[in-house]
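We will go from stop to stop, picking out a few residues or elements each time.

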Amino acid sequence: MAYTIIDAHAHLWLRQDTVVDGLPIRTLENGRSLFMGEVRQMLPPFLIDGVNSAEVFLSNMDYAQVGAAVITQEFIDGPQNDYLEEVAKRYPDRFFVCGLCEFRKPGFLEEARGLIDRGFKGIAIPGHRLRLKEGRVKLNGDEMMRMFKLMEQNGVILSLCLEEGTVQIGEVEEVIRECPALKVAIGHFGMVTAKDWTEQIKLARHPNVRIESGGITWLFNDEFYPFRGAIRAIREAADLVGWDKLMWGSDYPRTITAITYRMSYDFITKSTELREEEKRLFLGENARGFYGFGALPDLPYIKNMSE
């Protein structure tokens, strides 16, 4: 069966140059970055300039037959709003991009208003990085709630990653109650390998909430390909909220330092534990409807030289 494949969680950046929790993150060379006190392989080593560009990603997408991708943002990459605005204009049919505000200090409501005025259709919140020395920034705080109301009024989607476990569940429940028309995508599959991960999955019992699997191969990295534990977790999540609430995401490019981009989803297509209709919904059809993607390119399979 041929699948429509849409990546619901990926990242792009021109250069990493930021500080998180007082520690620097800087692009080095050969795909490496200084990451909070140690050198890490942030990109595949052949990306020697450290640029994680839309064009390189599109080449990976075309090769892996991925029609479109949602570009979210994270504090560890630094804000990429200017670059992503350009990407969205250049490739409107391939990328849905999310803006990023400085949520760690007051004033982000006006930032969000500016991003919406610039045409951003989504805003990303790295909720797992909101625990600061002076206290945790709460998702149901006054400025957050005003921002969510603004997003709801303008049809802007919230891309949200949460801390492990249940610490933010009550806050998100309040946001959903107060903004019932706000579309919310919960990332990292609820931090699936952590305790109480299913409580995050259950948020998708609300009509406008979805769960995406960005980073699931990283979370099951110790098990490695073909990620049978991830398959079992996906089935468990589907039993809780239904197959129509789940979307595939890769967490590109960080995950492809360990596996190829195609491997980040073909453990799904090759699984004998999932039905064809379940694969079809999970790999792309759910994301197509949720994010409003239109016509996607026809991407034929290209035979490898090694075959």
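This is a predicted model: local features need pLDDT of at least 70, side-chain atom pairs count only at pLDDT 80 or more; totals for chains, interfaces and linings use all residues.

Begin with the largest nonpolar core, which has 95 residues: select F95, F103, F148 and F189, the members that touch the most others. Such a core is a set of buried Ala, Val, Leu, Ile, Met, Phe, Trp, Tyr and Cys residues joined through side-chain atoms within 4.5 Å; buried means under 20% relative accessible area, exposed over 50% and partly exposed in between, with a 1.4 Å probe and protein chains only.

Residues are numbered from 1 along each chain as its sequence is written, and side-chain values use heavy atoms, leaving out hydrogens and water.

Stay with F148 and show its contacts (heavy atoms within 4.5 Å). Beyond its neighbours within four places in sequence, F148 meets I125, L139, L158, V175, C179 and L182. A second, separate core has 14 residues, including A8, V70, I157 and F290.

Next, select helices α4 (residues 142-154) and α5 (residues 169-178), which pack at an angle of about 45 degrees with axes 10 Å apart. That angle makes α4 oblique to α5, because angles under 35 degrees count as roughly parallel, over 145 as roughly antiparallel, 65 to 115 as roughly perpendicular and the rest as oblique. Axes here are lines fitted to C-alpha atoms, for helices over the stretch in contact, and angles run from 0 to 180 degrees between N-to-C directions. Show the side chains to see M145, F148, K149 and E152 of α4 meet E174, V175 and E178 of α5.

Now colour by secondary structure: helices (H or I, at least four residues) and strands (E, at least two) are DSSP runs numbered from the N terminus. Two strands pair if DSSP finds at least two bridges between them. In which order do the eight strands of the open sheet lie? Trace β1-β6-β7-β8-β11-β12-β13-β14, with parallel pairing. At the edges are β1 (6-10) and β14 (246-247); each has a single partner strand, so one side of each lacks a neighbour in the sheet. Helix α2 (residues 81-90) packs on this sheet, touching β6 (68-71) and β7 (95-100), and its direction makes about 160 degrees with that of β7. Zoom in on β11 (residues 157-161) and β12 (residues 184-186), which pair over three parallel bridges; S159 has A185 as its bridge partner in β12.

Move on to β3 (residues 23-27), which runs antiparallel to β4 and is joined to it by three bridges. Their hairpin has four residues between the strands, with N30 in the turn at a positive phi of about 55 degrees.

Finish at P253, in the loop between β14 and α9 (263-269). P253 is buried at a relative accessible area of 0%. Not counting residues up to four places away in sequence, P253 touches H11, W13, M42, L43, P44 and N52.
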